[in-house]
Amino acid sequence: MSAVERLPKRYCSACGNVVWLRNFKPGPNGRPHARCPRCKSLERHRFLAVLVSSLKPAIGTVDVLLDVAPSPQTTEILASLRPGRHIGLDLGLDGRRVDVLASLTELPLADASVDLVFCYHVLEHIPDDRAAMREIARVLTPEGLALVQVPIRFGTVTDEDVDTTPEERKARFGQHDHVRWYGDDFEGRLQESGLTFQRVTPVEVLGADMCAWLRVEEDEPVWIVRRGSAMPARLLGETRLPGVMGALLGELTAERAARRAARAKVARLEARVGRSPLRRVVRRVKRIASTRRK
Ligand SMILES: [Zn+2]
């Protein structure tokens, strides 16, 4: 067990609070300790917070941010980029903050007009996902980025059926309104649609200890997507975070060992004082002093 696993608290990178692990709530499908009790963020939101701050130099100034299927957690994190216009887009209105009602397959936006598209867990809902991907390619500026996440099983091909019943969708795709579960061909679909990408996982960026400390899932990938066919230079390079975390944990372990040694020394000294003649003399003097007072 790593030193982090033994800690009773975790850090939520979405709201910036240190929170008791036991207070984290279960996530969708009963995943234990998934949701921050303070801001309700899930694992992917906490990694997004890290990703957004790490990508800030690559993203640069954001004039237009397209936030597809916005949630209060993601909207808050994306707002840290201080976009000129933050457009929340969804197909329907359900109480969330949405500015534009439209389909991702037919965006009411000009070509090359968006600096950042945020699109987490949307494509698996859309029957014609390639049309949605082509729209992302169309509206992105040449330097613009999209952050994309989908449910995926590597080592398989995409399982999809746009015509089946909600019950079968739930059984096959994990949710009644999902029409597929992506496999290895997901990345080919991005490329066919005029997009190129860098795939990153939390464990590559943060290391296993930091993943545990932030309660993020080590292998849940995010695609950092750009227009074009040439693979972009790595947009998110190596970070020093795993090294920083390793050093911190090393200090923590050394500190604990020193504290344990100090406690053991105090116990030894106390035992020795308990046996010493001096202690008996002190007790006798105290007894005499108390009888004299009576
Ligand atoms: Zn939080």
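Ala-171 sits in helix α5, which covers residues 166-173; helices here are DSSP runs of H or I with at least four residues, strands are runs of E with at least two, and both are numbered from the N terminus. Ala-171 is exposed, at 69% relative accessibility. For these labels, buried means under 20% relative accessible area, exposed means over 50%, and partly exposed is what lies in between, using a 1.4 Å probe and protein chains only. From Ala-171 to Ala-289 it is 118 residues along the sequence and 82 Å through space, C-alpha to C-alpha.

A word on the ground rules. This is a predicted model, where local features need pLDDT of at least 70 and side-chain atom pairs count only at pLDDT 80 or more, while totals for chains, interfaces and linings use all residues. Residues are numbered from 1 along each chain as its sequence is written, and side-chain values use heavy atoms, with hydrogens and water left out.

What about disulfides, counted as pairs of cysteine sulfur atoms within 2.5 Å? The structure holds 0 of them. Cys-211 is buried, at 1% relative accessibility, and its sulfur is 14 Å from the closest cysteine sulfur, that of Cys-12, which is too far for a bond.

Helix α2 has 17 residues and spans 22 Å from its first C-alpha to its last, close to the 24 Å expected at 1.5 Å a residue; the expected span is 1.5 Å times one less than the number of residues. There is a bend of about 35 degrees in α2 at Ser-53, with Pro-57 following within four residues. That bend is the angle between axes fitted to the seven residues ending at a position and the seven starting there. The buried residues of α2 include Phe-47, Leu-48, Val-50, Leu-51 and Leu-55. Just after α2, Gly-60 adopts a positive phi of about 70 degrees.

Finally, the aromatic rings. Rings of Phe, Tyr and Trp (its six-membered ring) pair if their centres lie within 6.5 Å, and planes under 30 degrees apart count as stacked, over 60 as edge-to-face and the rest as tilted. The count comes to 4 aromatic pairs. In one of them, Phe-118 and Tyr-120 have ring centres 4.4 Å apart and planes at 35 degrees, so the pair is tilted. Both Phe-118 and Tyr-120 are buried. Phe-186 and Trp-223 form an edge-to-face pair, because their planes are at 75 degrees, with the centres 4.7 Å apart. Phe-186 belongs to helix α6 (residues 186-192) and Trp-223 to strand β11 (residues 222-227), so the pair ties together parts 37 residues apart in sequence. Phe-186 is buried at 0% relative accessible area, as is Trp-223 at 0%. Ring pairs also link Tyr-182, Phe-186 and Trp-223 into a cluster.

Methods. A disulfide is a pair of cysteine sulfur atoms within 2.5 Å.
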